[in-house]
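Hi everyone, thanks for making time today.

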Amino acid sequence: MSKVAVIGAGSWGSVLANVLVKNGLDVKIWTREEKQVAELNQQHTNRHYLPELKYDERLIATNDLAAAIKDRQVILLVIPTVAIRTVSQKIGKILQENNEQPLIVHASKGLELGTHKRISEIITEEIPAENRSGIVAFSGPSHAEEVARQDITLITAASTDLTAAKAVQKMFMNDFFRIYTNEDIVGVELGAAFKNIIALGAGALHGLGYGDDAKAALMTRGLAEISRLGVAMGAKSQTFIGLSGVGDLIVTCTSVHSRNWRAGNQLGQGIPLADVIENMGMVIEGITTNKAAYELAQQQQIDMPITQAIYQVLYQGCDIKKAITELMQREGRSE
Ligand SMILES: NC(=O)c1ccc[n+]([C@@H]2O[C@H](COP(=O)([O-])OP(=O)(O)OC[C@H]3O[C@@H](n4cnc5c(N)ncnc54)[C@H](O)[C@@H]3O)[C@@H](O)[C@H]2O)c1
Ligand SMILES: O=P(O)(O)OC[C@H](O)CO
């Protein structure tokens, strides 16, 4: 598994591509933006996303999707969830024409709006079975900004096919990047998607000036409700206490690098949602995943008070402080 195509050259895709190049793999990275291709190939930088990082000169960027994925053993998708279906459709057609069957890996974190599908479910629908040798979700507590400076990071490679997960583990492992495998891809993908909702709440508490007690409470009760929905959707409860569950919840709810936390923080400071999205310039997955999770909870009659409160703030114009007051005034419960 030495020839890899990384699809998406935002902060996470470009950093993962750089790790793989440094690990000795032959990597091509695809981005839809021509300017970014020129910058990556000529200056070996990606300033909009990671201004400090100098990329390995062996990393080759292209905006020709067919050229990027030709003769690759692995295709790693790292684009916003909203783009997964259309890009997977294009990849599926090219693989069919070329009669190729690479391993498909994704490192994105979200649920599709409307269908509520997980990313591996979308890939299953859009890339024909005869044109893929497996699907792996790559997920855990990891910020591009820290991996870029080679800080220690632990991630899970999840697949129902353990051989495929182990192949991904082997590709990425090095002195600072340690990869675990997990066969519960449902739990890993759901933990990854749902933690972003709670991170919006944690950021909002910070923006409003609440202290550590409130943040710990939100994370704990947040984990309880996202695990509840996850288990109802077929995940193993144990997965939620692993890297892609509580691990990712902790980092996203506490790190200044998190786009979700930063978005919540700005909302807490009273900045309107449209301005928060406009100013971020990068994907804030928790906003759409909140809607998907809210709808799923309604459908399945799962109690998710924090997700519901965040939905009311994001989609129904509810004041954040009022939403917090209502959460606190709920009838007393047993843990
Ligand atoms: N940034 C991180 O530290 C990090 C860590 C782990 C997981 N993730 C996940 O990885 C995914 C990507 O995040 P990111 O932070 O790299 O995002 P980003 O906003 O930094 O970059 C997204 C990339 O996707 C491209 N893109 C956007 N819409 C597209 C479309 N319709 N078609 C094709 N390309 C499109 C953009 O041009 C850009 O290159 C998200 O699901 C995120 O949750 C991010
Ligand atoms: O920056 P965020 O909030 O999208 O989070 C990035 C990663 O998912 C953290 O593990």
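Before we start, one definition: when I say helix, I mean a DSSP run of H or I with at least four residues, and the numbering goes from the N terminus. Please also keep in mind that this is a predicted model.

Let's begin with the whole chain. Its secondary structure comes to 15 helices and eight strands. The radius of gyration is 19 Å, close to the 20 Å that the globule rule gives for 335 residues, so the chain is as compact as a globular protein of that length. Along the principal axes, the C-alpha trace spans about 60 × 40 × 35 Å. Buried residues account for 51% of the 335 in the chain. And if you take contacts between residues at least 6 apart in sequence, 72% of them join residues at least 24 apart.

Now for the ligand. Which residues come nearest to ligand 1? Out of 26 residues around it, those are G10, W12, A83, S108 and M282. By type, the shell divides into twelve nonpolar, ten polar and four charged residues. Two helices, α1 (11-22) and α4 (81-98), each supply at least two residues of that shell. Both domain 1 (3-183) and domain 2 (190-328) are represented, with at least three shell residues from each.

Next, the annotation. An unreviewed UniProt entry lists K109, R259 and N260 under "binding site". These three are spread over 152 residues of sequence, yet they cluster in space, with a largest C-alpha distance of 12.4 Å.

Let's visit two of them, starting with K109. You'll find K109 in the loop between β5 (103-106) and α5 (119-126). Is K109 buried or exposed? K109 counts as buried, because it has 28 C-beta neighbours inside 10 Å, and the cut-off for buried is 20 or more. Setting aside neighbours within four places in sequence, K109 is in contact with S139, A192, A193, N196 and E285.

Then there is N260, which sits in helix α11 (residues 259-268). N260 is buried too, because 28 other C-beta atoms lie within 10 Å. Not counting residues up to four places away in sequence, N260 touches N196, A199, L200, G203, T252, I284, E285 and G286. If you compare the two contact lists, you'll spot N196 and E285 in both.

That's my tour, and I'm happy to go back to any part of it.

How values were computed. Residues numbered from 1 in each chain as written. Chains lettered and ligands numbered in written order. Predicted model: local features only at pLDDT ≥ 70, side-chain atom pairs only at ≥ 80, totals over all residues. UniProt positions renumbered as here; feature names shortened; annotations may be inferred. Buried ≥ 20, exposed ≤ 12 C-beta atoms within 10 Å, placed from the backbone. Contact = placed C-beta atoms within 7 Å. Rg over C-alpha atoms; globule rule 2.2 N^0.38 Å. Near = placed C-beta within 6 Å. Nonpolar A, V, L, I, M, F, W, Y, C, P; charged D, E, K, R; others polar. Domains from an automatic or database assignment.
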